[in-house]
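This report goes through the chain by topic, beginning with the terms on which the later sections rest. Please keep the sequence and the structure in view while reading.

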Amino acid sequence: MSDVVVVESPAKAKTINKYLGSGYTVLASFGHVRDLPPRDGSVRPDQDFAMDWESDERGSRQVSAIAKAIKSGTTLYLATDPDREGEAISWHVRAMLEDRNALRGVTVHRVTFNEITRNAVTTAMAKPRMLDQPLIEAYLARRALDYLVGFTLSPVLWRKLPGSRSAGRVQSVALRLVCEREAEIEAFRAREYWTVEAHMATPAGAPFLARLTQLNGRKLDQFDLPNAAAAEAARAAVEAGSFSVSTIERKRVRRNPNPPFTTSTLQQEASRKLGFGAQQTMRVAQQLYEGVDIGGETVGLITYMRTDGVQMAREAVHAIRDHVKGAFGTSYLPAAPREYSTKAKNAQEAHEAIRPTDVDRRPEDMTRALSHDQARLYELIWKRAVASQMSQAEFDQVTVDMSDGAGAGTVLRANGSLLAFDGFLKLYREDRDDQSDEDDEARVLPAMAEGDPLSRRDVKASQHFTQPPPRYTEASLVKKMEELGIGRPSTYASTLSVLRDRNYVRLDAKRLVPEDRGRLVTAFLTSFFTRYVDPGFTASLEEKLDEISDGRADWRAVMRAFWQDFSEAVEQTRELKISDVINALDDDLGPHFFPPREDGGDPRLCPACSTGRLGLKLGRHGSFIGCSNYPTCQYTRRLAVNGGEDGEETLKEGMRVLGRDPATGEDITVRRGPYGLYVQQGEPPPPSPDEKKGDKKAKKEKPKRMSLPRGLEGDAITLEQALGLLTLPRLIGLHPESREPMEAGIGRFGPYIRMGSVYASLDRDDDVLSVGANRAVDLLAKKLAGVRTLGAHPKDGEAIMVKKGRFGPYAQHGKVVANLPRAVSMDDITLDDAVALLTEKGRELKPKPGAKGKAKPAAKSKASASVSTKAAPPDGAAGKPAAPKKTGAVKKVGAAKKAGAAKKPAPKAAAKKPGGKPRSQAAE
């Protein structure tokens with residue numbers, strides 16, 4: 001008989017099982033075991049925010065393993081991570097076990113430990129507690145908020161702003177910060193100013209640099225020398241003067257060490273010092289937390305890495321102080337332990353700062369046990385924690401003023417400093433995001449005394465321009481979010497990842513640059529949902545969530561107050577006209593897309609017709625720039641700043657004639673269509689008599705066309721390239737092994753190589769017009785590595801293949817696809833088995849006699865269970881699939897078909913489409 005302990009990761013489970021011994025069975029939940037299903041209605045405000053939860057195959061499998069293991073024990077220890085998400089995972093595990101009646105006669109405890117060491121684990125197991133209900137309710141509120149914002153706001157975006165991806169509660173605010181910084185940079189106008197510096201020397205001949213600070217008895221401000229003429233006059237005044245030391249000011253300056261790392265400061269410093277992104281930092285930190293093998297035992301090297309606390313455990317502080325005393329001496333040890341408090345808004349400080357679990361495990365001793373990235377991050381964490389308990393660094397700062405003996409009122413000044421005592425700097429120095437041009441700490445002035453005559457060497461006047469605010473790095477954006485109280489330590493990395501994944505921002509030289517799509521979304525949200533993308537409002541919601549977790553607020557009351565205002569704001573946009581959206585976006589983003597021209601001309605003047613006004617337009621497939629004289633003038637360009645990196649594809653005339661086809665004599669043109677640029681041979685023939693009579697069955701001939709591949713611009717394509725595109729697909733040659741023909745062509749997803757029914761996409765650097773046989777064989781080999789041909793189907797002789805897919809292996813025959821059973825691998829399935837699977841799948845998809853439209857897909861597998869937080873049905877408790885819902889959207893589609901309508905499903909149905917886990921999509 002053994003009790004059961006549940007942790008989140010299998011690596012952690014293995015380590016903790018070693019610590020606890022054979023009397024315990026330690027199992028992993030692999031993170032969340034269930035979540036809100038990504039469809040409309042998973043959170044129901046009209047039922048006081050009742051929530052449906054659904055487990056996927058993996059989650060159900062893990063809970064089944066826990067339920068099976070607990071049969072031989074009497075106590076269940078829920079030992080997931082010590083934060084809000086960890087508490088939620090424990091709650092989900094307990095709830096699913098209760099639904100299965102697996103906890104009868106079982107005592108359930110919650111245990112948490114901040115580090116994975118033998119002492120920490122055994123101490124935590126001796127002091128169990130109950131699940132923290134306020135913390136769980138705070139999780140429910142956060143999850144409901146993120147879901148409702150994502151699944152309510154995203155469909156509005158899709159309807160009113162075609163081409164948009166989604167919106168999120170924290171994600172949209174972070175995007176707004178990036179876009180507003182970019183707008184500041186664009187609006188910035190550089191201002192010229194000049195400085196005058198003189199290379200001087202002491203009586204002993206020691207050189208140093210001094211700057212002009214007073215001229216004609218008046219102190220110079222930054223812009224007092226605005227041009228070259230003023231700077232030259234000032235330079236002449238310095239050259240005419242005879243200078244001596246008038247005053248020397250010395251003072252001792254002390255600098256304190258920084259506190260040990262929180263999640264955000266670790267991400268910031270790892271970005272500056274190591275070049276790590278936020279996700280990479282958290283991934284490596286997770287590995288250090290879960291532990292590495294040291295002397296045959298797996299040991300966690302750092303404490304829990306998702307925290308906003310800066311304090312350390314008392315015993316850890318004493319251990320570090322003992323190490324400092326032994327390694328550096330008593331002069332590096334302050335008289336009393338240093339205590340820190342966070343400056344971040346809304347910080348919970350529920351956990352310790354990130355520190356080494358044992359200060360005696362020095363970075364240099366751990367190198368062999370760690371990967372390169374692990375070693376670098378561990379060294380950073382170790383040094384920061386140790387330095388936080390070391391003495392101050394002390395500097396002697398010196399300011400020397402030099403006056404013109406002629407009494408002209410010209411004064412030069414030299415600044416410098418000398419490190420008097422290095423203190424914590426002996427071990428660690430924090431980097432900065434934006435370094436100044438010079439660092440006075442690094443400048444040491446030679447010895448001088450008041451009254452010393454100085455010799456002047458050369459004098460130089462330098463031109464400068466004010467600089468715009470810098471773009472955010474990942475590190476500085478995390479810092480800004482923390483200062484504003486937006487998001488939480490566990491969400492910073494995922495928020496940044498979502499912004500990049502949805503092409504709202506891109507990284508350029510480690511700086512976040514908003515894409516035009518991101519700026520459009522931000523402009524739309526700030527125009528019509530100002531309150532909900534306001535950093536102050538988002539921070540106030542975080543405060544309410546903290547009040548819930550402290551037991552000072554009711555989570556449903558917080559949700560009701562939010563939903564009442566938010567749903568009204570969404571309702572007001574239902575009657576919003578597309579023209580209103582266009583006008584708002586055009587006003588907001590006009591300065592971005594139409595910056596002032598150098599020649600002073602109108603940046604909105606259409607280059608094609610010279611009379612129309614360029615403006616923002618919305619089409620079915622997204623936004624673009626178009627002329628106000630449409631349809632007379634069909635000038636368009638991609639949504640990009642004129643002359644920018646992506647703004648070359650303008651095709652000013654709307655159509656460009658490249659030349660004539662040598663074979664037919666027809667014009668070869670490049671044109672713009674609704675899906676982008678394409679080349680065309682000839683023109684459509686005049687309508688036939690049948691077409692003129694309105695015969696819809698009359699066949700309409702179309703000229704030959706082909707889309708331009710990425711990287712080929714409309715203004716740069718040649719006649720030879722266009723003729724090559726019009727010959728696609730082209731034969732490359734025969735495969736050396738199968739002797740099947742290999743073709744290159746362009747499809748709806750871009751350029752490809754095809755051999756039979758196997759397609760392989762070409763890379764960006766591949767040219768579809770010139771790619772050769774060797775490259776084609778290489779691409780097909782990679783594709784075929786996940787494909788197995790079983791043989792011909794007995795009915796039509798067409799090949800049956802087994803392929804690897806996102807959700808597991810599947811068999812394919814033509815357009816019919818059937819997933820393989822979990823117990824059957826790609827290598828084991830036979831042709832007869834595949835035929836049987838595909839035949840059964842064909843029956844499911846075949847419409848029943850008398851039925852209209854397509855057959856509905858089969859119900860979910862038994863591995864997927866859906867339950868509600870309000871009342872879980874017995875079937876859900878037993879792990880059986882819940883009955884599929886009949887949504888209002890489906891009813892509308894059916895009604896439209898009966899009426900013979902050609903309309904698409906109601907927009908509400910679109911809310912079911914977002915892919916991926918809701919936690920990563922709707923969350924941040």
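## Terms and basis

Contact is used here for heavy atoms within 4.5 Å. The model is predicted, so that local features need pLDDT of at least 70 and side-chain atom pairs count only at pLDDT 80 or more, while totals for chains, interfaces and linings use all residues. Residues are numbered from 1 along each chain as its sequence is written, and side-chain values use heavy atoms, with hydrogens and water left out.

## Overall composition

The protein chain has 25 helices and 33 strands, taken as DSSP runs numbered from the N terminus (H or I of at least four residues for helices, E of at least two for strands). Of its 924 residues, 47% are buried, a word that stands for under 20% relative accessible area, with exposed meaning over 50% and partly exposed the range in between (1.4 Å probe, protein chains only). Among contacts between residues at least 6 apart in sequence, 67% join residues at least 24 apart.

## Nonpolar cores

A nonpolar core is a set of buried Ala, Val, Leu, Ile, Met, Phe, Trp, Tyr and Cys residues joined through side-chain atoms within 4.5 Å. The largest one holds 153 residues, of which L76, L97, L161, I302, L377, F524 and F529 touch the most other members. Helix 5 (residues 133-160) gives the most to this core, namely 14 residues. Another core, of 29 residues, lies apart from it and includes L712, M755, L780 and V787.

Leaving aside neighbours within four places in sequence, F524 is in contact with V156, L157, K160, L161, F529, L576, V581 and L585.

## Two helix pairs

Helix 8 (residues 263-274) and helix 12 (residues 372-387) pack at an angle of about 120°, with axes 11 Å apart; axes are lines fitted to C-alpha atoms, for helices over the stretch in contact, and angles run from 0 to 180 degrees between N-to-C directions. The two helices are therefore oblique to each other, given that angles under 35 degrees count as roughly parallel, over 145 as roughly antiparallel, 65 to 115 as roughly perpendicular and the rest as oblique. Their contact is made by T265, L266, E269, A270, K273 and L274 of helix 8 together with R376, L377, L380, I381 and R384 of helix 12.

Helix 6 (residues 171-187) and helix 15 (residues 516-528) pack at about 105°, with their axes 9 Å apart, which makes helix 6 roughly perpendicular to helix 15. Helix 6 contributes S172, L175, R176, C179, E182, A183 and E186 to the contact, and helix 15 contributes G518, R519, V521, T522, L525 and T526.

## Individual sites

T410, in the loop between strand 13 (393-404) and strand 14 (411-421), is buried, with a relative accessible area of 2%. Apart from neighbours within four places in sequence, T410 is in contact with L212, Q214, L215, A237, V238, F243, M402, S403 and D404. E197, in strand 7 (residues 192-201), also counts as buried, at 16% relative accessibility. The C-alpha atoms of E197 and R413 are separated by 9.4 Å, although these residues are 216 residues apart along the chain.

## Backbone geometry

Most residues other than glycine have a negative phi, and most peptide bonds are trans. F49, which is not a glycine, has a positive phi of about 65° and is buried, with a relative accessible area of 2%. N101, likewise not a glycine, has a positive phi of about 55°, but N101 counts as partly exposed at 49% relative accessibility. The peptide bond from L728 to P729 is cis, with omega near 0°, and P729 lies in the loop between helix 20 (719-726) and strand 25 (730-734).
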